[in-house]
Amino acid sequence: MASQETHLLQVPGAALATTVWRGDTKRQPAILARTPYDRLRYARAATFWTETGFAFIAQDTRGCGRSSGTWLPYANEATDGAATIEWLEQQEWYDGRVHLYGESYAAYSALSIASTIGPGKIASCVAMVPALGLFQTAFHPSGAFRLGDRIWWDVCDGAGAGMGQRADEMWPYMNFVCRHLPVAQIPAISPVPLRSFSRVVTRAHTFEVDCSQIRIPLLVLTGWQDCFLDNALTIYQNAIHAPTRMIIGPWNHELETAEPISQSYVDRALVQWVANDYAHVRDKRSSMYVLNGGPWLSSTETPAKSRSLQTLYLHPGAAPTQGVLREDRPDYLPSVGWLCDPYDPYPALGPDDDRSRLMSRHDLIAYSAQPLTAETIVAGRFLITLYMATTAPETEVHGVIVLVRAGSSQALVGAIGRCRPESVVSVVELTMSTAPICVRLRPGDVLKLELSSGAFPQYARHSNTLIDPLHASSLARSWQFVHHRSSMSSRLNFETLSLQSAQERPMEAG
């Protein structure tokens with residue numbers, strides 16, 4: 001049975017609460033996780049790793065849980081982590097091999113150490129569903145502000161075991177807080193302190209990890225449904241000097257999934273990595289799960305290189321808010337439009353929420369393709385090209401790719417774009433790219449493209465003015481129009497991988 005002991009590690013300006021679980025072996029390697037979310041939440045992981053032959057070390061980051069000092073997210077992880085490695089090297093039971101480990105913020109902590117301490121002191125780094133930094137997690141790649149997530153994280157950050165209580169205190173006020181204008185002044189009216197919000201809005205002290213400095217073996221584990229998938233891909237692409245493996249599974253940011261994959265899969269992959277794989281990695285390779293039943297694919301590129309480019313053109317439909325996706329280009333057909341009213345914003349929905357209840361809204365246009373006649377795999381990014389006009393000097397458009405199967409709808413992936421015309425009569429070519437995805441489509445499935453002007457409160461409302469959405473104190477309504485004609489062919493592009501090709505590229509063992 002593993003022993004458990006807690007230390008207060010003294011570093012400049014703080015004492016870091018550090019719990020060690022280890023077996024009775026005299027010399028053993030270690031797994032190190034550093035988190036603001038209560039180190040004792042790693043008890044299950046500690047049991048698993050000690051049974052596998054590793055000591056497990058969990059530490060509350062500075063100012064969180066039982067650690068003293070000032071909590072400044074993302075600021076001290078490299079220096080405090082380096083001090084922890086120095087302390088670890090003094091322990092008589094430590095055999096000199098430590099694997100950095102963590103998910104979400106704890107992944108950032110691990111990457112911070114990995115980018116500043118080279119080979120020799122660190123065996124490898126495991127970054128699961130990583131959150132790359134304060135600024136990177138607060139903004140969509142398009143620039144849209146992740147309002148709801150940012151408030152919720154700020155409410156809970158550093159609370160450790162008290163996260164639930166603080167969340168309960170905030171919940172009755174969420175709608176009021178999210179609707180406050182300007183967004184930048186939300187901390188002034190929030191009933192629960194938001195300590196990092198202003199740092200994000202002003203872009204002050206947004207500490208980043210330079211992944212190009214990582215030179216130790218790196219395993220990045222993420223999921224197609226992870227809201228920070230783009231962070232994981234950035235790490236994988238920028239770690240140019242690190243032998244790297246990436247696993248993209250069906251998981252969300254909590255490493256949960258409705259797919260038939262158990263927690264044991266993640267456990268086996270991690271054990272194989274720390275026990276053997278990390279020492280033999282020489283290049284980059286990714287393994288990807290195909291949503292809706294598998295299989296796993298393996299490739300040196302992310303996502304898998306596809307075999308065929310598909311193009312579906314947007315056509316108007318019989319109803320004003322219903323359009324059609326077809327393979328033929330439209331002739332000169334009428335444009336369709338919707339009223340964007342940020343005072344009644346289009347609501348955000350989760351991937352598995354029932355989307356049919358919103359089909360009657362005035363600010364949504366849904367384009368549907370014909371049911372598929374053959375099974376295929378979509379692998380890569382959806383590219384949405386819209387020829388648009390708007391009555392606003394600047395506006396925002398949200399596109400969601402939806403899979404309709406047996407009467408139920410599942411949001412696969414989304415994109416956001418900003419449109420700024422030269423004049424009210426100008427037509428703008430707006431191109432939006434989704435995050436990558438890999439999903440199996442079956443006969444009878446229907447792909448749908450939903451266009452709207454928001455996803456509130458997940459994202460802050462665009463003011464439909466030239467004022468930055470974070471600083472706008474008022475909102476304006478506007479009309480948005482999508483054109484359908486041969487010279488302005490609004491369209492949806494994506495790539496497919498044949499099932500035969502997929503079977504030729506099975507995932508490596510583990």
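Visitor: Why are helices H2 and H3 called roughly perpendicular to each other?

Guide: In this predicted model, the axes of helix H2 (residues 77–89) and helix H3 (residues 105–114) come within 8 Å and cross at roughly 70 degrees. Angles of 65 to 115 degrees count as roughly perpendicular, and therefore H2 and H3 are given that description.

Visitor: What makes the contact between H2 and H3?

Guide: On the side of H2 the residues are Glu77, Ala78, Gly81 and Ile85, and on the side of H3 they are Tyr105, Tyr108, Ser109, Ser112 and Ile113. Taken by residue class, this contact of H2 with H3 divides into five nonpolar, three polar and one charged.

Visitor: How do you know which parts of the protein chain have the lowest and the highest confidence?

Guide: The pLDDT, the predictor's confidence on a scale from 0 to 100, has a mean of 90 over the protein chain, and 94% of the residues reach 70 or more. Confidence is lowest in helix H12 (residues 499–503), with a mean of 59, and highest in strand E4 (residues 55–60), with a mean of 98. Over residues 504–510 the pLDDT is below 50, although this stretch has 22 contacts in the model beyond near neighbours in sequence. Where pLDDT is low, the predicted coordinates should not be read in detail.

Visitor: What makes up the lining of the second largest pocket?

Guide: The second largest pocket, with a volume of about 380 Å³, is lined by 18 residues, and those nearest its centre are Gln310, Leu312, Glu327, Gln370 and Leu372. Strand E11 (308–316), strand E12 (322–326), strand E21 (446–452) and strand E24 (491–497) are the elements that each give two or more residues to this lining. By class, the lining of the second largest pocket divides into 10 nonpolar, five polar and three charged residues.

Visitor: Why is a space called a cavity and not a pocket?

Guide: The word cavity is used for points where a 1.4 Å probe fits but cannot get out, whereas a pocket is an open set. A search of the whole structure finds one cavity of 30 Å³ or more, and the largest cavity has a volume of about 150 Å³. Of the 19 residues that line the largest cavity, Cys340, Pro342, Pro345, Ser453 and Gly454 are the closest to its centre. Strand E17 (residues 395–405) gives the largest share of this lining, three residues, and the lining divides into eight nonpolar, six polar and five charged.

Visitor: What is the omega of the cis peptide bond from Leu181 to Pro182?

Guide: The omega of this cis bond is near -10 degrees, and Pro182 lies in the loop between helix H7 (174–178) and helix H8 (186–189). The peptide bond from Phe456 to Pro457 is likewise cis, with omega near 5 degrees, and Pro457 lies in the loop between E21 and strand E22 (478–485).

Key: Residues are numbered from 1 along each chain as its sequence is written. This is a predicted model: local features need pLDDT of at least 70, side-chain atom pairs count only at pLDDT 80 or more; totals for chains, interfaces and linings use all residues. Side-chain values use heavy atoms; hydrogens and water are left out. Helices (H or I, at least four residues) and strands (E, at least two) are DSSP runs, numbered from the N terminus. Contact means heavy atoms within 4.5 Å. Axes are lines fitted to C-alpha atoms, for helices over the stretch in contact, and angles run from 0 to 180 degrees between N-to-C directions. Angles under 35 degrees count as roughly parallel, over 145 as roughly antiparallel, 65 to 115 as roughly perpendicular and the rest as oblique. Ala, Val, Leu, Ile, Met, Phe, Trp, Tyr, Cys and Pro count as nonpolar, Asp, Glu, Lys and Arg as charged, and the others, Gly among them, as polar. On a 1 Å grid over the protein atoms alone, a cavity is a set of points where a 1.4 Å probe fits but cannot get out, and a pocket is an open set with protein on both sides within 12 Å along at least five of seven lines; lining residues have an atom within 4 Å of a point. Grid points are joined across faces, edges and corners, and a volume is the space filled by probe spheres set on the points.
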